[in-house]
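My plan is to start with the overall layout and then pick out a few residues.

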Amino acid sequence: MSDALSAIERFSRYQSDDAQSVEPVHCPVRDVLDRIGDKWSMLMIVNLAMRPQRFSELHRAIRDISKRMLTQTLRDLERDGLITRHVFATKPPTVEYRLAPLGQSLLDPMAGLIEWADQRYSDIHAARDRFDGRTRDVMSRQEFSATRSEALPLQKKISAARN
């Protein structure tokens, strides 16, 4: 069995343990993936892999993140031991963030995912276009079958679904 299939089998066992329970499954894999798979964590880890950075540098590097979300994500990554926070006794105090050894150990697996995404982006983009085309076709048929009184509310729903 390949390493990938072995890991997937192990992950599946975590998901199926105590299938009768209504409590959420405690899965160490999901716990970790929830952190590194969120919208911002990987971007921060990639930026900190290049060099230590201050808060404002990270904010400039990841332009679409709010300061509040940047602060929260940095705290979460520090709590998980993936980054470290260093305060320097200057006036005003200078704070710098660095990858911790645990965060550095994540770089090789992330590099594999980055490489895969880079190689497969055109395939994924083409699949999205095919899917979106089918969705538009279904919506167009719905528009034409609507009566005059139904047309405007239906058109608003379709516009909202596209956005």
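Before counting anything, I noted how elements are assigned: helices (H or I, at least four residues) and strands (E, at least two) are DSSP runs, numbered from the N terminus. With that, I counted 8 helices and 3 strands in the protein chain. Going along the sequence, I wrote down the order α-α-α-β-α-α-β-β-α-α-α.

**Ground rules.** I'm working with a predicted model, where local features need pLDDT of at least 70 and side-chain atom pairs count only at pLDDT 80 or more, while totals for chains, interfaces and linings use all residues. Residues are numbered from 1 along each chain as its sequence is written, and side-chain values use heavy atoms, with hydrogens and water left out.

**Confidence.** I looked up pLDDT, the predictor's confidence in each residue, from 0 to 100. The chain's mean is 83, and 75% of its residues reach 70 or more.

**Inside.** I call a residue buried under 20% relative accessible area, exposed over 50%, and partly exposed in between (1.4 Å probe, protein chains only). Of the 163 residues in the chain, 21% are buried. I then went through helix α3 (residues 41-50) and found S41, M44, I45, N47 and L48 buried. They sit on the same side of α3, because they cover an arc of only 165 degrees around the axis (the arc of the directions from the helix axis to the C-beta atoms).

Next I checked T73, in helix α5. T73 is buried, because its relative accessibility is 3%. What does T73 touch, leaving aside neighbours within four places in sequence? I found W40, S41 and M44 in contact with T73, contact meaning heavy atoms within 4.5 Å.

L113 counts as partly exposed because its relative accessible area is 43%.

**Loop.** My last stop was S105, in the loop between α6 (101-104) and α7. Its relative accessibility is 48%, so S105 is partly exposed. S105 and L82 are 23 residues apart in sequence, and I noted 9.0 Å between them in space, C-alpha to C-alpha.
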